[in-house]
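I opened my notebook to write down what I looked up, one topic at a time. The sequence and structure come first.

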Amino acid sequence: MPAPFFYNYVMDLQKTLTTAVSIAKEAGALLRDGFRQNKNIIQKSSAIDLVTQYDQDAEKLITTRLILAFPKHGIIGEEGSDLAAKDNSYVWYVDPIDGTTNFAHGFPHFCVSLALYTAETPLVAVIYDPIKEELFTAVAGYGAHVTQGEGAPRPLQVSQAETLLHSVIATGFPYDRHTSDVDNMAEVGRFIKKVQGLRRPGSAALDLAYVAAGRLDGYWEYKLHIWDVAAGVLLVQEAGGRIAMMNGDPFTPTARLNLMASNHKIYREMLDTLAG
Ligand code: IPD
Ligand code: CA
Ligand code: CA
């Protein structure tokens, strides 16, 4: 007798997760090896938007493995991968190094980020920090987890902070901040007067993973790309947190995003502070 639909659904997504984890770890090992080597650093969209050969090599490795494992899925990657889905709407969003500026400067805070979406719905998320050997995973409807080193996966839950005064919040700054007025300075000025701590760790994907883990209480950032946040969005949602556009609109996986994440308790205060 065939297994019920939901059984197949669960098993397929878990299998997909396992494959994505092994791909992210393989790419992570490549980054770990390259981290302390001399790097060929190239400027991309602006003098402060960098790319290294490791971004390119890791994306090549990831897309080669994804195509082999999921030949009908689409792939959109930061370093140029753009493969249309063949006979369904499944798409992988790939950021081979989220935190390239950190990586290029020997600052040990960056990750590999992979997420599978069907249309606008996130299904599977993997964020791997190869230096701290932390693996963050989520499957839609089945929670978010962190695995440290060889340990067992532990469920993630967002923080219980009630107000911004009790919160540590992260943000980031867009690569066009030297020339654009939308540079996040006004928002930083308002938050710094209200929060317990404000951080700029330098990896949007890890910022979201840390919100999911309750290490940060909230996060916002302008002009993100979908590959920066595709995996982190599902982690936060599955850890019981809130994701929205910075104006309060529901999250949609568009090409450029102004995004915020938080627990439920400080959500309104964050939106009000963003509104000015
Ligand atoms: C960047 C990082 C950074 C964020 C930028 C992103 P990259 O990604 O996530 O924290 O502030 O907006 O573009 O360039 O290191 O992949
Ligand atoms: Ca990124
Ligand atoms: Ca990147």
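My entries follow, grouped by topic.

**Entry 1: the model**

I noted before anything else that this is a predicted model. I then looked up how the chain is divided, and found domain 1, residues 5–155, and domain 2, residues 164–275.

**Entry 2: where the two domains meet**

I looked up the distance between the domain centres, taken over C-alpha atoms, and wrote down 20 Å. The contact draws on 43 residues of domain 1 and 28 residues of domain 2.

I also wanted a figure for the interface as an area. The size of an interface is often given as the accessible area lost when the parts come together. For domain 1 and domain 2 the buried area is about 2,600 Å², and carbon and sulfur atoms give 65% of it. On the side of domain 1, I48, H109 and F136 lose the most area to domain 2. Together these three account for 22% of what that side buries.

Next I checked for charged pairs. The count between domain 1 and domain 2 is one salt bridge. I also looked up R215, which forms a salt bridge with E134, with the closest N and O atoms 2.6 Å apart. For polar contacts across the interface, I recorded 10 residue pairs.

Which elements supply the side of domain 1 that touches domain 2? I listed those that give at least two residues each, among them β3 (74–77), β5 (90–98), α3 (100–104) and β6 (111–118). Strand β7 (121–129) is also on that list, as are β8 (134–139) and β9 (144–148). β7 gives the most, with seven residues.

**Entry 3: V124 in strand β7**

I picked one residue of β7 to look at, and V124 lies in that strand. Is V124 buried or exposed? Its relative accessibility is 1%, so V124 counts as buried.

I then listed what V124 touches, leaving out residues up to four places away in sequence. The list is L13, T16, L17, L114, A115, L116, A138 and L234. I also looked up V124 against L208, which is 84 residues apart from V124 along the chain. Their C-alpha atoms are separated by 15 Å.

**Entry 4: two calcium ions**

I turned to the calcium ion that is ligand 2. Its protein donors are D95, D98 and D228, each through an OD atom, at 2.1 to 2.2 Å. Along the chain these donors follow the spacing D-x2-D-x129-D.

The calcium ion that is ligand 3 came next. It is coordinated by E78 through OE, D95 through OD and I97 through O, at 2.1 to 2.3 Å. The spacing of its donor residues in sequence is E-x16-D-x1-I.

What coordinates both ions? D95 does, and the two calcium ions are 3.7 Å apart.

D95 has a relative accessible area of 0%, so D95 is buried. I97 is at 1% relative accessibility and therefore counts as buried. D98, at 5%, counts as buried because the cut-off for buried is under 20%.

**Entry 5: two residues with positive phi**

I looked up backbone angles and stopped at two residues. N184 is not a glycine, yet N184 has a positive phi of about 75°. N184 sits in the loop between β11 (168–171) and α4 (185–192). At 1% relative accessibility, N184 counts as buried.

K223 is not a glycine either, and K223 has a positive phi of about 55°. Where does K223 lie? I found K223 in strand β13, residues 218–225.

I finished with the surroundings of K223. Leaving aside its neighbours within four places in sequence, K223 is in contact with P174, D176, S180, V182, R256, L257 and N258. With D176, the side chain of K223 makes a polar contact of 2.9 Å.

Methods:
Residues are numbered from 1 along each chain as its sequence is written. Chains are lettered from A and ligands numbered from 1 in the order in which they are written. This is a predicted model: local features need pLDDT of at least 70, side-chain atom pairs count only at pLDDT 80 or more; totals for chains, interfaces and linings use all residues. Side-chain values use heavy atoms; hydrogens and water are left out. Donors are N, O and S atoms within 2.8 Å of the metal (3.2 Å for Na, K and Ca); water is not among the atoms, so sites may look incomplete. Buried means under 20% relative accessible area, exposed over 50%, partly exposed in between (1.4 Å probe, protein chains only). Helices (H or I, at least four residues) and strands (E, at least two) are DSSP runs, numbered from the N terminus. Domain bounds come from an automatic or database domain assignment. Contact means heavy atoms within 4.5 Å. Buried area is the accessible area (1.4 Å probe) that two parts lose on being put together, summed over both. A salt bridge is a side-chain nitrogen of Lys or Arg within 4 Å of a carboxyl oxygen of Asp or Glu. A polar contact is a pair of N or O atoms within 3.5 Å; within protein, one must be able to donate a hydrogen and the other to accept it, and residues adjacent in sequence count only if both atoms are side-chain atoms.
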